[in-house]
Amino acid sequence: MRLVTRARLKSPWILHFDCGSCNGCDIEILAALTPKFDAERLGVVNIGDPKQADVIVVTGPANPRSARALRSLYEQTPDPKVVVAVGACAATGGVFRNCENVFGGVDKVIPVDVYVPGCAARPEQIIDGLLLALRKLKEKDGG
Amino acid sequence: MNETEQPVEVNTVIPFGPQHPVLPEPIQLRFTIHQDKVVGVVPNIGYIHRGIEKACELNDYKKNVSLCERVCGICNFMHAMAYCEAVEELTDTEVPDRAKYLRVVWSELSRLQSHLLWLGLFADSIGFESLFMHIWRDREIVLSLNEKTSGHRIHLSTCAIGGVNKDMDKGLISEYKSGMELLERRIRELAPVFYKDRSVKDRTVGKGVLPKKRAMLLGAVGPTARGSGIPQDMRRLGYEAYSNLDFEPVVHDEGDVHARLLVRLEEVFQSIRLIKECLEKMPEGPVMNKNRRFPNGATVVRIEQPRGELFYNVMGNGTKRLRRCRIRTPTLANIPALVDILVGYDVSDIAPIVMSVDPCISCTER
């Protein structure tokens with residue numbers, strides 16, 4: 001394995017973007033990084049800058065306005081990158097599938113690699129999804 | 001004329017958001033900056049709009065409880081409760097006494113969870129990372145109580161039309177009591193940091209001042225209004241079991257970020273006290289009163305959310321679908337105040353001032 005790949009897998013930096021969720025998954029993502037679950041011990045760092053991120057964590061069913069921002073964030077993130085869709089509404093629209101202003105899933109906007117189920121997804125599931133994402137990142141990096 | 005003699009007025013425009021590390025949610029604020037001072041703010045919303053109000057008209061009115069619960073994940077129980085109260089009024093359903101007390105316990109638990117979340121995020125916004133981690137560690141006590149109640153950490157889903165769909169047995173009540181004791185002890189240990197610590201005070205005292213008159217004029221609600229000396233609290237309307245409980249709204253007069261911080265901190269202790277009082281006073285009896293009538297007519301419900309007044313206007317037409325479900329949330333009412341208090345402060349103060357009104361965009365846009 002290349003040194004860069006090894007470093008990337010050892011400490012994945014995540015970019016979190018909310019494109020229309022109810023906040024439940026967002027606070028669970030933060031809870032996954034804080035002491036009880038502590039994903040930071042696995043090297044996961046939440047970063048605000050897409051140019052430094054490896055994993056994009058997206059919540060919410062996406063609407064036309066947030067889709068623009070999401071697409072721009074996806075394009076700014078350097079390759080290799082993986083996208084984790086957290087929550088039922090990020091996967092299919094969930095309870096919001098009847099709403100007028102949603103696309104019903106993040107995969108209508110950007111390609112998604114890992115789906116984390118749950119409404120709201122539990123921190124354990126989110127950490128599990130991140131680990132699955134790292135496996136995909138390794139494949140994409142040619143490792 | 002020499003060009004250097006003419007001072008040039010140059011304003012810079014800085015977009016804050018939609019994706020920003022301080023805010024977990026997307027809102028865009030466009031700041032006009034002159035010499036490192038904010039001179040103008042334009043809020044730009046619509047990133048989370050889903051159209052829940054319209055979806056409420058399309059669904060069966062009973063299914064709307066879980067949809068309204070997901071207007072906002074942080075104060076989910078209160079949204080469900082406000083919707084249920086409105087429908088109960090339209091269908092003439094009497095809520096049993098025990099259910100009223102249980103609703104107060106769970107809505108105060110939501111408030112605790114929300115305020116602790118905010119205290120942590122606020123500490124993060126002023127760069128106090130270790131305080132953020134401590135507060136979020138203690139918040140897990142509340143979430144584990146949620147989990148023991150309904151099997152879910154965030155969405156309690158215990159509120160239903162006509163009462164609540166879960167009861168507490170003696171074991172759970174004693175776990176609630178010991179959980180509240182533990183939480184109170186932990187937060188008492190951390191509280192002096194917010195009152196006395198120099199690095200907290202430097203970033204908060206005298207920043208983002210909202211005088212009392214201005215707060216009234218701009219229609220501020222909740223802790224934002226109470227931090228400016230307005231004793232406005234919808235719980236004093238006495239909905240559910242609040243009329244039997246003893247409490248006074250927490251008010252601070254300074255109107256700055258520090259005052260709003262202390263209002264929320266003291267409301268944490270207030271909520272713990274209210275939960276304990278409810279658990280003591282809770283009567284025995286049924287928790288659910290079913291009614292098969294369809295909602296007819298129109299009604300208004302106002303309850304106190306962690307961020308301020310929540311307003312539901314529900315109109316039914318005697319069928320299983322509602323005619324209209326209008327929701328007005330506290331953050332929407334606080335946006336004029338937010339735009340006002342940012343002007344005149346440094347760029348470095350933007351993050352704590354924005355956080356100080358506790359913006360919940362998911363509520364605002366629905």
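**View 1. An open three-stranded sheet in chain B of the predicted model.** The strand order is E6-E7-E8, and the pairing is antiparallel. Strands E6 (296-305) and E8 (322-328) of chain B form the edges. Each has a single partner strand, so one side of each lacks a neighbour in the sheet. From one strand to the next, the twist averages 10°.

**View 2. Pairing of E7 and E8 in chain B.** Strand E7 (residues 308-317) of chain B meets E8(B) over six bridges, in the antiparallel sense. Leu322(B), in E8(B), is the bridge partner of Gly316(B). Strands of a sheet pair through backbone hydrogen bonds.

**View 3. Helices H3 and H11 against the chain B sheet.** Helix H3 (residues 76-90) of chain B lies across E6, E7 and E8 of chain B. H3 runs at about 150° to E6(B). Helix H11 (residues 330-342) of chain B packs on the sheet and touches E6, E7 and E8 of chain B. The direction of H11 makes about 135° with that of E7(B).

**View 4. The largest pocket, with a volume of about 460 Å³.** The lining comprises 24 residues; closest to the centre are Leu30(A), Asn46(A), Pro21(B), Val22(B) and Asp124(B). Strand E1 (13-18) and helix H2 (24-33) of chain A each give two or more residues to the lining, as do helix H4 (97-125) and helix H5 (129-150) of chain B. By class, the lining has 13 nonpolar, six polar and five charged residues.

**View 5. Helix H5 of chain B and the residue after it.** H5(B) has 22 residues. From first C-alpha to last, H5(B) reaches 31 Å, close to the 32 Å expected at 1.5 Å a residue. Gly151(B) follows H5(B), with a positive phi near 85°.

Definitions and conventions:
Residues numbered from 1 in each chain as written. Chains lettered and ligands numbered in written order. Predicted model: local features only at pLDDT ≥ 70, side-chain atom pairs only at ≥ 80, totals over all residues. Heavy atoms only, no water. 1 Å grid on protein atoms, 1.4 Å probe; cavity = no way out; pocket = protein on both sides within 12 Å on 5 of 7 lines; lining within 4 Å. Points joined across faces, edges and corners; volume = space filled by probe spheres on them. Helix = DSSP H or I, 4+ residues; strand = E, 2+ residues; numbered from the N terminus. Nonpolar A, V, L, I, M, F, W, Y, C, P; charged D, E, K, R; others polar. Expected span 1.5 Å × (residues − 1). Pairing = 2+ DSSP bridges. Axes fitted to C-alpha atoms, helices over the stretch in contact; angles between N-to-C directions. Contact = heavy atoms within 4.5 Å.
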